[in-house]
Amino acid sequence: MPVTSVEIENLQSGNVSLGDSLNQLPALRSTYSQANSTAFIGTSGLNLLDLRGLGTSRTLTLVNGRRVVTSDPGTESVDTNTIPDELVERVDVVTGGNSAVYGSDAVAGVVNFILKDDFEGLEAGGQGGVSSRGDRQSYRAYLTAGKNFFDGRANLTVSVGYAKADALYYTDRDARYGGYSGRHQFNRVQDTIGEPATGDGIPDTAFLTGVKNNNISNGGLITSTCPAPVPESDPAFGVIAAVRAQNCTGEMTPTGGRIGRTYVFDSTGTLVANPVINDLRNVGSSNSIGGLGSTLLEGSQLDPAYERKTANVLAHYELSEAADLFFRGSYVDIGSVQAGQPTFEYNVFNINNPYLTDQNEALLRAIYGAGPNEDFNFGAYRFNTDFGARGENHDRETFNLVGGIRGDFNDDWHYELAATYGETTTFYQTEGNINENKYFNSASASRDASGNIVCSINADSDPTNDDPACVPINLFGAGLARTQQAALDYFGVTSTRNQKATLFDVTGYVSGDSSQFFELPGGPVSFSIGGEFRKSTAFSAYDDVTKSGVTFLNVINDFDPPALEVTEGFGELSIPLLADMPFVRELTVNAAGRVSHYNVGSTGTVFAWNLGGTYAPVDSLRFRLSYAKSVRAPSLSNLFDSRSQTYLLVSDPCDQANINDNPNRVANCAADGVPTTVVDPATGDTIPFTNRPSSSIAGFNGGNADLNEETGYSFTVGGVYEPTFLPGFSVTVDYYNIRLDNVIYTLGGQTLIDQCYDAPGGIDNPYCAAVNRREDGTFAGQSDRIINGITYQLDDSGSAFEAGPFNFAKQETSGIDLTTNYRQEFGEGVSLNLKGLLSYVIKRNNYTDINDPDFKDRQLSELGDPVWAGSLFATLNVGKFDLYYKFQYVGKQTIGEYETQNSFQGRPPENPDAYPVAYYPDLTYHDIRLGFEPTDIFRFYVGVDNLFDKQPPFGADGTAPGSTYDNIGRFFYAGARVTF
């Protein structure tokens, strides 16, 4: 199989996260880096690897060829930060399906971390760095001690490490990202209503700076109404004319109306007209240039704070050649602090709210054309930055213990028996969350009989509705809440989540060759045969308040699935057919197989296999090819993910207005017991069955316990050339083609319901099993239905659907990798080491349209998936000095989806003039490091990452999933190492 090895020296930089350096390799997609780990709830600080862009769940991460416990309970994803970089020797990246060799999840390939062995001595090192703008400071220190015993037959190595990186906020880089002054982004600049599908040749968007939202502000934003004009003869003409003069901006909306002016409560609490420079709502955008609206970035991070503490013990004792006892223990404590967006609410206030000043009340009455004593309500949309960001404070503790015995026997046979136990526990708390009920109680203020400002529920005459703990809050102004801690304490909630995952894995194998029995013309047959048993558990639970659904977060139930147990048997053969002949220096075929049985889900027993061969016509040239079938069994999260409630307005395919839209619906609806007629409650007439909800129906998202395995097929072919005329040089070229069938993909509620009744084989399908109806044909969880224009209320108990993952999608990717190596000693302490990696991706497509299995969604060329990517590593040693240089190339990538402005699969572009340019440009990064070793004991070095301070293009900030753009900029670091 194609293997790319990268030495740890080529992965070290000013960044203290090894995963970020790995994500810069061409074969890996930056789906989870430090910067973009904050794009999802609960994942801040994780570095998960995504080989070939097929997903983190399809990349198997190993340490010394063995599994380690997951860092994300319910999945098999390993955070690379849990791997001790001070002990890593190199990283091997293996492309292509390897389930036969390594087990499930290796459908895209394997990333294997190889640790140092038999370390002897004492080594201490430290490093510090800071960006050229004085932020994102980082630190790293470690101490490793090792000792050989009993004439080298035993070794004990102990290592501890510490790393830290400060958070980087948008507001730290206001000039670049506009955390305060306004975002830099592509924004709509013309309305597209009536525009032909081919576009009108005028870009719909332009790259703008100073962009703020014009529908929400940090102190509350009011969007006034703009009433239609009335004739002068109308009695309300004067009032309406005054309101129009006050509220209407004169700009036309895309639908032909006029825009209501926006007003904001500023930092002094004064209601003022929003002083926008350019109001973009007239083109269908909710933004403006300038003004006092929110940037939505005031408390958000570009990179989270990060802290890592590690301790590792490695030991082995060779009792004899046939018995070598070994052990590795690893403990890692990782903290990550993310600050994201705060809560945001649309608040309805009464004009008599006592926190309104006379000035603000007068302006509001003028805005709404109300008299001095008229009672009315008004709404304001508020971005609650003064409540604190909804940050995530993570603490993840992981330990892995590996112990076993290995040895040689029968002259050249080898055996190993090893057991692994790993455990991950995580805790995070989310500050800035609110109890919605208490919040609205606090926001609604009144005066009691004594004239005191109190919560309105305590001012009314109904004592059963009181809440003596309620503290009113003044929300009319940006930043005011910071001075009202008692109110924040009343409705504020610190949400928490506890997680745990465990792994118990036992493996054993025997390997050797047939040299003592027979040999083929090419040599003895090599073999390996063994078995494995592993058991994984997972658990996750939020605090009771969050689970109850009263907070700003969604309702998320406990995740407590049954244990996943896998029993496997595996074997490998290497059969050398010919060797040392003219034009056949080597001809070898290889085969591997693994049978696996899973105790949960519908996977059951599966078989994975590899077939391959190697042919070397001459010593300097070698060709290889392989074809493999791999499997990925569904994870515990795929199978049993906790149910979370959702609401969706659906169209019933069994309604008589829709039932003939598909030829299978009539029979399937009847088979499901849906009536063909219904009695109109208003007239008593029998009419065709109608079921038209006027509001959202309740459903659930969750796992699917009936999922089957994904199946991958990979073909690789390539060659290695090591010319005799250039010693130390090698070039490797490999082609890979990977296809995944039965890919697990989540369906939404409407698609799920449609698939149930559109299926050609009747209702005995997994989609109908997830749809719930009442006896009268309406959906469970449906609160109303419309019959002949009349709305009838229903019992809204139950759930209409159980949306979740199903096996129906497909993925494919192919490409060519080029690797070059050159090592040369020139004498007198001068040496050169070069490594080049180049990746050309031919295709990367997803098939996720269940109604059209041949419909391709092109992933290639979109953000995170450039066609071309490459890295060059160069190290020059001259005496006591060494100079390291790294060059990284990232090819162009589309700003939107590829199909937006490009034709694909015979389909025309969906919106050819969506952006004034279709692509982010290609970029190059340059890193340098200079080292100095005055003695054999000491080493000092200084380095600069992103030497030319290359910034992300067109407002990209490096936080989007897949983005490889560096948002830190030029970064200086220096370090030292002492070795005894």
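Which residues in α4 meet Leu363, Ala366, Ile367 and Tyr368 in α5? Select both helices to see them: Val243, Gln246 and Asn247 are the α4 residues in contact there, contact being heavy atoms within 4.5 Å.

This is a predicted model, in which local features need pLDDT of at least 70 and side-chain atom pairs count only at pLDDT 80 or more, while totals for chains, interfaces and linings use all residues. Residues are numbered from 1 along each chain as its sequence is written, and side-chain values use heavy atoms, with hydrogens and water left out.

**Helices α4 and α5**

Stay with α4 (residues 237-247) and α5 (residues 358-368), whose axes come within 7 Å and cross at roughly 115°. Helices (H or I, at least four residues) and strands (E, at least two) are DSSP runs, numbered from the N terminus. Axes are lines fitted to C-alpha atoms, for helices over the stretch in contact, and angles run from 0 to 180 degrees between N-to-C directions. The contact of α4 with α5 has 5 nonpolar, 2 polar and no charged residues. In these classes Ala, Val, Leu, Ile, Met, Phe, Trp, Tyr, Cys and Pro are nonpolar, Asp, Glu, Lys and Arg are charged, and the others, Gly among them, are polar.

Next, colour α5 by accessibility. Buried means under 20% relative accessible area, exposed over 50%, and partly exposed in between (1.4 Å probe, protein chains only). Asn360, Leu364, Arg365 and Ile367 are the buried residues of α5. Looking down the axis of α5, these buried residues fall within an arc of 160°, so they line one face of the helix; the arc is that of the directions from the helix axis to the C-beta atoms. Their cover includes α4, β13 (221-223), β16 (262-265), β17 (271-273) and β24 (377-383). On the other side of α5, Asp358 and Gln359 are exposed. After α5 comes Gly369, with a positive phi near 65°.

**The sheet β11-β12-β19-β18**

Select the four strands of this open sheet, ordered β11-β12-β19-β18 with antiparallel pairing; two strands pair if DSSP finds at least two bridges between them. β11 and β18 (276-279) are the edges, each with a single partner strand, so one side of each has no neighbour in the sheet. The twist averages 60° from one strand to the next.

Zoom in on β11 (residues 183-188) and β12 (residues 205-213), which pair in the antiparallel sense over 5 bridges. Asn187 has Ala206 of β12 as its bridge partner, and Arg188 stands opposite Thr205 in β12. Is β11 enclosed or open to the outside? Of its 6 residues, 5 are buried, so β11 is largely enclosed by the rest of the structure.

**The sheet β1-β5-β6-β4**

Move to another open sheet of 4 strands, in the order β1-β5-β6-β4, where the pairing is mixed. Its edge strands are β1 (3-7) and β4 (59-63), each pairing on one side only. Here the twist averages 15° from one strand to the next. β1 pairs with β5 (residues 88-95) in the antiparallel sense over 5 bridges, and Val93 in β5 is the bridge partner of Thr4.

**Aromatic rings**

Show the side chains of Phe, Tyr and Trp. Rings (for Trp the six-membered ring) pair if their centres lie within 6.5 Å; planes under 30 degrees apart count as stacked, over 60 as edge-to-face and the rest as tilted. The count by this rule comes to 35 aromatic pairs. In one of them, Phe150 and Tyr317 have ring centres 5.3 Å apart and planes at 40°, so the pair is tilted. Phe150 lies in the loop between β8 (138-149) and β9 (154-165) and Tyr317 in β21 (residues 305-320), so the pair ties together parts 167 residues apart in sequence. Tyr317 is partly exposed, at a relative accessible area of 30%. Then select Phe409, Trp413, Tyr415, Phe517 and Phe527, which form one aromatic cluster.

**Two loop residues**

Asp411 lies in the loop between β25 (392-409) and β26 (413-434). Its phi is positive, about 75°, although Asp411 is not a glycine, and Asp411 is exposed at 69% relative accessibility. Phe583, in the loop between β31 (564-581) and β32 (584-598), has a positive phi near 65° and is exposed at 64% relative accessibility.

**Leu752**

Finish at Leu752 in helix α12 (residues 749-758). Leu752 is buried, with 0% relative accessibility. Leaving aside neighbours within four places in sequence, Leu752 is in contact with Tyr767, Ala770, Val771, Phe801, Glu802, Ala803 and Phe806. Leu752 and Ala803 are 51 residues apart in sequence and 6.9 Å apart in space, C-alpha to C-alpha.
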